[in-house]
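Here's a quick tour of the charged side chains in this one.

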Amino acid sequence: MAIHMIEMIILICLCATTVHAIVPYPRNGASLDELVAYYFSLLYTQNEILGFLLFVDNVMLRKRTLKRILRRLNLRRRGIENPLVDIGSKIIDLRRFGYDQVGYRTMWRLLNTFCGVHATQETVRLTLTVIDTDGVNARRRRRLIRRSKHSRGPNYCLHVDGYDKLKPFGISIHGCMDGFSRKIMWLTPVIPTKTHVTLLVTTSNI
């Protein structure tokens, strides 16, 4: 069993390819077939595709008509899984591009949407178990690896956040910190808009 796993890993490494998007975003004036193919490539369900066509593209379509279009375009999700070598090579490429800490569900969605590789979640899960055994075990134990962040210098990345737990008392806190020097740029209390309006009304009545 271990020998077969090693042979599969070697084949995967030899057949690695680059990552590319399979279905581009449709331009203005795109046909109905192009819109359906684009939304289908993003793993949307049939009801979600009908919703996007109606509210985004102003195209009202019946579900029966959508099924006929999918059948004519030969778009289906079952029985079209790619070879295991292609799936493994794309997973290795995605891990090189920075997706080395994601689980099998996110990897499955990336494979189907960005790489054009059709695979089931079970196949992706088993392949990730062979390629990244330590990472799978760490995610299974809920022990994630701390990710590192790199900043090019002062004022390159500012972290802004607010604390609204004190809003019932009429105050909230807003702050900003420089990601490079850890210097606090500002830390100020802010009066919410509703509280400010209430104070103005109360003051005017007095």
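Arg-125 is partly exposed, with 29% relative accessible area, and Glu-122 is partly exposed too, at 43%. (Buried means under 20% relative accessible area, exposed over 50%, partly exposed in between, with a 1.4 Å probe and protein chains only.) The two side chains meet in a salt bridge, i.e. a side-chain nitrogen of Lys or Arg within 4 Å of a carboxyl oxygen of Asp or Glu. Both sit in helix 7 (residues 121-131), 3 residues apart, about one turn of the helix; helices here are DSSP runs (H or I, at least four residues), numbered from the N terminus.

A word on ground rules: this is a predicted model, where local features need pLDDT of at least 70, side-chain atom pairs count only at pLDDT 80 or more, and totals for chains, interfaces and linings use all residues. Residues are numbered from 1 along each chain as its sequence is written, and side-chain values use heavy atoms, leaving out hydrogens and water.

The count comes to 5 salt bridges, including these:

| Pair | N to O distance |
|---|---|
| Glu-122 and Arg-125 | 2.6 Å |
| Asp-33 and Arg-72 | 3.1 Å |
| Asp-93 and Arg-96 | 3.8 Å |

Asp-33 in helix 2 (residues 32-41) and Arg-72 in helix 4 are 39 residues apart, so that pair links distant parts of the chain. Asp-33 is partly exposed at 25%, while Arg-72 is exposed at 54%.

Asp-93 and Arg-96 are about one helical turn apart in helix 5 (residues 84-96). Asp-93 is buried at 4%, whereas Arg-96 is exposed at 61%.

Finally, Arg-95, Asp-132 and Arg-139 are linked in a salt-bridge network.

Conventions
Helices (H or I, at least four residues) and strands (E, at least two) are DSSP runs, numbered from the N terminus.
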